[in-house]
Structures are given as structure tokens and as C-alpha cells.
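Take a walk through this fold, from its overall layout down to single residues. Keep the sequence and the 3D view side by side.

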Amino acid sequence: MKEMPPHSTREAAGGTIDWSAWLAEYGSQLLLYARQQCRSEADAEDVLQEALVQLVHAVEGGSFTGSQDQWRAYAYTAIRHLAMDRGRREQVRRHYATAQQETLREGVEETPWLSSAADDEYLRCRLESMLRQLPPEFAEVVVLHIWGEHTFQQIADITGNKLATITSRYRYALQMLRKELEANPIER
């Protein structure tokens, strides 16, 4: 993940903000979500950086009206919108590409979504594979709820969907994951 600028502790209207500490606390969750939303690690990092820049400008510029507790939701929403925009631009580029279209499709970078020094590589790969097999809107809810530690209401706010939609997506995702694990248990 790209580092924050050297002047990461900044003055804002309400006092001093330690952006480095905030990013240290929430950066890995935000990057995980960006990875889930993007096709490559590079895109995920770019989208995360753009979202963080938007957040910093909104907070320090005084246009952000919420409290610090709402910064994370703002960042998740910005990541989602930026990733969708990036995806649309990519889709248009692919539409007009002729010979390179197949090369691009085959060359989609597979980036690990879950990475931790303590993770068992096999387990990480298996979980990642199972998440990638879910419909994207289901995987999004699982990632935001389990690894992003968001409530279903917060996820509904981030995605712009109804609470009932979010809870049913989560329930269906867990059913799909359970079926896969029953058919192909994880062996250690």
C-alpha cells in the first residue's frame, strides 16, 4: 500500500488530525475492500489512494460535515464509487480494443485479497477462491461484514442497498460457502 505523505499529521478546522494513526488502524481493512472491488492490486492501491485523498480534502477543507466516526464509511463509499468508475472506463477500453481484447482478458492479474504473515497459504488460497466464486455483490457483503467489521446497516449505507437486501445477500453467501465446504472440506 502506498504511504501517506510525510506531513500526515495535519491541522484541520477541529484541531490536529493524525492521519498516519488513522490509516494504521483502518488501512488494511480499506485495502482489502479495494482489492475485492478491483481487478488488480495496482488498481486497488490506486483506488484506495484516491479515496483517501478525497477524504483528506473533504475533512481538511471543511466540506465533510460528519464526525471522525464517519470517515471510514466515507472511505468505503468512495472506494466503491471509484472502483465502479474505473471498471466502467476499463469496459469501454475493452469494447474498442480488437486484437488485444483476448490478451487483456487472459492477463487479468490475480491478487491475493487476504494476506497476513500468520495465514496458512493453503487456507488463504482456498478462502480466496471460494470468495471469488460468489457473485460479486455477495462477496462484497461478506468482505465488508467479516473483515471490514461493518454492521449490515453500515454496509447498506456504503452500497446504497436496502438493509433487507444486504442481510439476504449475506445469508445466501454463507449458504453457498457452506455447500462448497461440505462438498470439498478444507484439509490441513
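In what order do the elements of the protein run from the N terminus on? The order is β-β-α-α-α-α-α-α-α-α. That gives eight helices and two strands. The model is a predicted one. Of the 188 residues in the protein, 38% are buried. Among contacts with a separation of 6 or more, 63% join residues 24 or more positions apart.

Turn to the interior. In soluble globular proteins, nonpolar side chains tend to be buried together. Here the largest nonpolar core has 44 residues. Those with the most contacts inside this core are W19, W22, L30, W71, I79 and L134. Several helices supply the core with two or more residues each: α1 (19–37), α2 (41–61), α3 (71–96), α5 (121–133), α6 (136–147), α7 and α8.

The crossing of α1 with α2 is right-handed. On the α1 side, the contact uses W19, W22, L23, G27, L30, L31, A34 and R35. On the α2 side are E41, A44, E45, L48, L52, L55, V56, V59 and E60. By type, the residues of this contact are 12 nonpolar, one polar and four charged. W19, W22 and L30 of this contact are also among the residues with the most contacts inside the core.

Move on to α7 and α8. Helix α7 covers residues 152–159, and helix α8 covers residues 163–183. The two axes come within 9 Å and cross at roughly 110 degrees. That angle makes α7 roughly perpendicular to α8. This crossing, too, is right-handed. From α7, the contact takes in F152, Q153, I155, A156 and T159. From α8 come L163, I166, T167 and Y170. The contact residues divide into six nonpolar, three polar and no charged.

L134 touches A139, V142, A173, M176 and L177, leaving aside residues up to four places away in sequence. One of these partners, V142, sits in helix α6. Is V142 buried or exposed? V142 counts as buried, at 1% relative accessibility. Beyond four places in sequence, V142 touches L131, L134, W147, Y170 and A173. V142 and R169 are 27 residues apart in sequence, yet their C-alpha atoms are 8.5 Å apart in space.

R80 is found in helix α3. Its relative accessible area is 13%, so R80 is buried, under the 20% cut-off. Which residues does R80 touch, not counting those up to four places away in sequence? They are Y33, Q37, E140, I158, T159 and N161. T159 also takes part in the contact of α7 with α8. R80 lies 33 residues from V47 in sequence and 8.7 Å from V47 in space, C-alpha to C-alpha.

Finish at E149, in the loop between α6 and α7. E149 is not a glycine, yet its phi is positive, at about 60 degrees. At 55% relative accessibility, E149 counts as exposed. R80, by contrast, is buried.

Key:
Residues numbered from 1 in each chain as written. Predicted model: local features only at pLDDT ≥ 70, side-chain atom pairs only at ≥ 80, totals over all residues. Heavy atoms only, no water. Axes fitted to C-alpha atoms, helices over the stretch in contact; angles between N-to-C directions. Helix = DSSP H or I, 4+ residues; strand = E, 2+ residues; numbered from the N terminus. Parallel < 35°, antiparallel > 145°, perpendicular 65-115°, else oblique. Left-handed = near helix turned anticlockwise from the far one by under 90°. Contact = heavy atoms within 4.5 Å. Nonpolar A, V, L, I, M, F, W, Y, C, P; charged D, E, K, R; others polar. Core = buried A, V, L, I, M, F, W, Y, C linked by side-chain atoms within 4.5 Å. Buried < 20%, exposed > 50% of the residue type's maximum accessible area, 1.4 Å probe, protein only.
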